[in-house]
Amino acid sequence: MVWGVFFSLLSLGFYAELRQGIMRLLSHLALCVATLLALPCWADDQGQAQFVDHCAACHGLHALGGNGPDIQGTTLNDVVISTRGMDQMPAIDLSDAERQAIAAYLMSLAPEIAAQKLRFEAQITR
Ligand code: HEC
């Protein structure tokens with residue numbers, strides 16, 4: 001009887017520890033997943049901030065147009081070309097990372113247009 005109680009207490013302790021271990025593992029996993037999910041959002045935020053700083057004055061806060069045209073869905077290729085300067089648009093000095101972040105943001109605003117542009121670019125560079 002005494003031993004029975006002793007062993008069941010022992011195994012309770014074991015299970016409690018096991019449960020704690022599993023919970024700890026799960027919370028680590030949850031943290032990892034959350035970090036992975038947050039990374040692209042962070043990139044978008046960077047792109048949005050860069051866009052607002054460098055482009056929104058002419059292309060509108062949501063890239064739907066203003067002084068310049070609607071540029072939602074613009075790919076990296078077009079960001080590179082346009083920021084060299086076009087007739088009505090001045091050249092804009094950006095780092096590679098800034099151009100990439102801006103393109104990622106603009107593509108996220110209109111993924112279907114972006115996908116179409118990418119397909120088109122793949123065809124003409126073949
Ligand atoms: C001073 C105003 C101004 C700023 C700032 C500006 N743009 Fe423009 N952008 C224009 C104008 C005006 C045009 C139309 C150019 C033309 O057709 O000659 C244009 C055209 C473009 C085009 C081509 C669109 C098309 O349909 O042909 C892209 C892409 C573009 N801009 C991207 C950007 C990005 C990215 C930024 C920020 C890094 C930016 N622009 C900042 C004025 C601006």
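Contact here means heavy atoms within 4.5 Å.

This is a predicted model, in which local features need pLDDT of at least 70, side-chain atom pairs count only at pLDDT 80 or more, and totals for chains, interfaces and linings use all residues. Residues are numbered from 1 along each chain as its sequence is written, and side-chain values use heavy atoms, with hydrogens and water left out.

**Stop 1: the overall fold**

Switch to a cartoon view. The protein has 5 helices and 0 strands. Read from the N terminus, the order is α-α-α-α-α. Helices (H or I, at least four residues) and strands (E, at least two) are DSSP runs, numbered from the N terminus.

Now colour by accessibility. Of the 126 residues, 22% count as buried. Buried means under 20% relative accessible area, exposed means over 50%, and partly exposed is in between (1.4 Å probe, protein chains only).

**Stop 2: the iron atom**

Select the iron atom of the ligand. Which residues coordinate the iron atom? They are H59, through NE2, and M89, through SD, at 2.0 to 2.1 Å. Donors are N, O and S atoms within 2.8 Å of the metal (3.2 Å for Na, K and Ca); water is not among the atoms, so sites may look incomplete.

H59 lies in helix 2 (residues 56-59) and M89 in the loop between helix 3 (76-82) and helix 4 (96-109), so the pair ties together parts that are 30 residues apart in sequence.

Next, check the angles. The iron atom has 6 donor atoms, with angles of 87 to 179° among them, and its site is octahedral. Four donors count as tetrahedral if all angles lie between 85 and 135 degrees; four count as square planar and six as octahedral if opposite donors are over 155 degrees apart and all others between 65 and 115; anything else is irregular. Ideal angles are 90 or 180 degrees for six octahedral donors.

**Stop 3: H59**

Stay on H59. Is H59 buried or exposed? H59 is buried, at a relative accessible area of 8%. Its side chain reaches the backbone oxygen of P69 at 2.8 Å. An N or O atom in the H59 side chain is also 2.7 Å from a nitrogen atom of the ligand. A polar contact is a pair of N or O atoms within 3.5 Å; within protein, one must be able to donate a hydrogen and the other to accept it, and residues adjacent in sequence count only if both atoms are side-chain atoms.

Show the neighbours too. Leaving out residues up to four places away in sequence, H59 touches F51, L64, G65, G66, G68, P69, I71 and M89.

**Stop 4: around the ligand**

C55 is buried, with a relative accessible area of 13%. C58 is partly exposed, at 36%. How many disulfides does the structure hold? It holds 0. A disulfide is a pair of cysteine sulfur atoms within 2.5 Å.

Move to D87. One of its polar side-chain atoms lies 2.6 Å from an oxygen atom of the ligand.

Then click Q88, in the loop between helix 3 and helix 4. A backbone N or O atom of Q88 lies 3.1 Å from an oxygen atom of the ligand. Q88 is exposed, with a relative accessible area of 76%. Draw a C-alpha line from Q88 to G68: they are 20 residues apart in sequence and 8.2 Å apart in space.

**Stop 5: the loop between helix 2 and helix 3**

Find A63 in this loop. A63 is not a glycine, yet its phi is positive, about 65°. Most residues other than glycine have a negative phi. A63 is buried, with a relative accessible area of 0%.

D70 lies in the loop between helix 2 and helix 3 as well. D70 is partly exposed, at 45% relative accessibility. Its side chain reaches the backbone nitrogen of Q72 at 2.9 Å. Beyond four places in sequence, D70 touches A63, L64 and G65.

**Last stop: R99**

Select R99 in helix 4. R99 is buried, with a relative accessible area of 18%. Not counting residues up to four places away in sequence, R99 touches L76, V79, V80, T83 and L94.
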